[in-house]
Amino acid sequence: MPADHEHGVQVHLDRLLAERGITLTELSNRVGITVVNLSVLKNGHARSIRFSTLGAICQALDCSPGDLLTWGPHG
Amino acid sequence: MRSTWSRIDGYVLNGVLALGFALTFTFGLLLPTLGTLGVGTPVDRIRVGLPEAARETVSTPGGSSGRVELVGSDTIELAFADPGAGQRVLLALPIVFGGLLALVVIVLLWRIARTVPTDPFVPPNARRLLMIGSALIAYGLLAPAVGMLVSGTLIDTVGADLDVTPLGTGSSTAIVVGFGVAVLSEVFRQGTRLRADVEGLV
C-alpha cells in the first residue's frame with residue numbers, strides 16, 4: 001500500500017466553494033461537519049473520507065464526487 | 001475530547017516512578033554491587049532449603065479450637081561471616097538480577113508515561129508494553145534458576161557437611177502478570193493500528 005502522501009487524490013473543495021460563493025463556515029452549517037474537519041479536507045490533509053461526509057458535501061454544493069475528488073499520479 | 005490528565009497527575013506519576021527507580025537502583029543494584037567490590041556491607045546471606053527431618057514442629061493441646069501445631073519453616077538462611085570475593089558475587093547475583101529487570105520495567109513505564117499527556121496510543125508504547133511483559137515472564141522463569149544455581153554453588157563452596165538444599169524462589173505471579181501484560185500489549189498494538197486508520201478521517 002502506498003504511503004498516505006502518495007495516494008494522488010486531489011480535493012477541489014476550495015474551487016467548488018469559490019465557484020458557488022460559499023464560505024467554509026456556511027458549508028459547515030449546511031452539512032453539519034465542523035469547520036476544522038472541512039478545513040482538513042480542503043487543505044488536502046485528510047487521509048480518508050466517509051461516504052456520509054462526501055454525500056453531504058455533494059448535496060450542499062450540488063456536485064458529484066468526481067467534481068470534488070480527482071486522481072492524478074502527480075497529485 | 002478533553003483529556004482528564006492534569007499536570008499534577010503527571011508530576012505524581014513521574015514522582016512515583018523516580019522514587020521507584022531511585023530505591024531499586026540503590027538497593028537492587030548499587031549497594032549489592034558496592035558490597036561485592038568490598039565497599040560497604042556485602043550481601044552475606046542467602047535462603048536455602050531445610051530438609052524435612054530438620055524442621056521442628058511444636059504441638060500444644062490448644063484451647064477451644066483444638067490441637068494446634070507450630071510448624072517450622074522449610075527454609076533457612078545460610079550466612080557467611082566473611083564471604084570471599086567469589087562468594088560475594090554469588091550472594092549479590094540474585095538481588096542484582098531482580099534489580100536490573102525491575103529497572104528495565106521502570107524505565108519502560110517512564111517512557112510510556114512521557115507520552116500520556118500528548119499521545120499514548122502509538123506503536124512504540126505497544127512494543128514497550130510487550131517488553132515489560134517479557135521482563136516479568138523472564139523474572140518469573142529465570143529467578144528460580146538463578147537462585148538454585150547460586151545457592152547450590154554457595155553450599156558447595158562452604159565445604160562443610162551442611163544438611164541444606166539449594167533453593168530458588170521465583171514468582172508465578174510475575175509470570176501470570178507478564179502474560180497478561182503481553183496479551184494487553186497486542187490488544188494495544190491493534191488499537192494503535194485502528195487509531196491510525198481513522199486518523200485524518202473526515
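A salt bridge is taken here as a side-chain nitrogen of Lys or Arg within 4 Å of a carboxyl oxygen of Asp or Glu. In this predicted model, that rule finds one salt bridge across the interface of chain A and chain B, while the count over all chains comes to nine. The interface itself buries about 670 Å² between the two chains.

**Interface of chain A and chain B**

- The contact involves nine residues of chain A and six residues of chain B.
- Carbon and sulfur atoms account for 51% of the area buried between chain A and chain B.
- On the chain A side, the most area is lost to chain B by R47(A), S48(A) and R50(A), which together make up 66% of what that side buries.
- Seven residue pairs are in polar contact across the interface, with both residues at pLDDT 80 or more.
- Helix α3 (residues 35-42) of chain A supplies three residues, the largest share of the side that touches chain B.
- By class, this side of chain A consists of four nonpolar, three polar and two charged residues.

- E199(B) forms a salt bridge with R47(A), with the closest N and O atoms 3.2 Å apart.
- E199(B) also meets R195(B) in a salt bridge, at 3.8 Å from N to O.
- Through shared partners, salt bridges join R47(A), D119(B), R195(B) and E199(B) into one network.
- E199(B) is partly exposed, at a relative accessible area of 37%, and R195(B) is likewise classed as partly exposed, at 27%.

**Salt bridges within a chain**

- In chain B, R189(B) pairs with E186(B) in a salt bridge whose closest N and O atoms are 2.8 Å apart.
- R189(B) and E186(B) both belong to helix α4 (residues 172-198) of chain B, where they are three residues apart, about one turn of the helix.
- R189(B) has a relative accessibility of 34% and counts as partly exposed; E186(B) is partly exposed at 31%.
- In chain A, a salt bridge links R20(A) and E19(A), the closest N and O atoms being 3.5 Å apart.
- R20(A) is partly exposed, with a relative accessible area of 33%, whereas E19(A) counts as exposed at 52%, because the cut-off for exposed is over 50%.

**Backbone geometry at D62(A)**

- Most residues other than glycine have a negative phi.
- D62(A), although not a glycine, has a positive phi of about 55°.
- D62(A) is placed in the loop between α4 (51-61) and α5 (65-68) of chain A.
- With a relative accessible area of 68%, D62(A) is exposed.

How values were computed:
Residues numbered from 1 in each chain as written. Chains lettered and ligands numbered in written order. Predicted model: local features only at pLDDT ≥ 70, side-chain atom pairs only at ≥ 80, totals over all residues. Heavy atoms only, no water. Buried < 20%, exposed > 50% of the residue type's maximum accessible area, 1.4 Å probe, protein only. Helix = DSSP H or I, 4+ residues; strand = E, 2+ residues; numbered from the N terminus. Contact = heavy atoms within 4.5 Å. Buried area = accessible area lost by both parts, 1.4 Å probe. Polar contact = N/O pair within 3.5 Å; in protein donor to acceptor, adjacent residues only side chain to side chain. Nonpolar A, V, L, I, M, F, W, Y, C, P; charged D, E, K, R; others polar.
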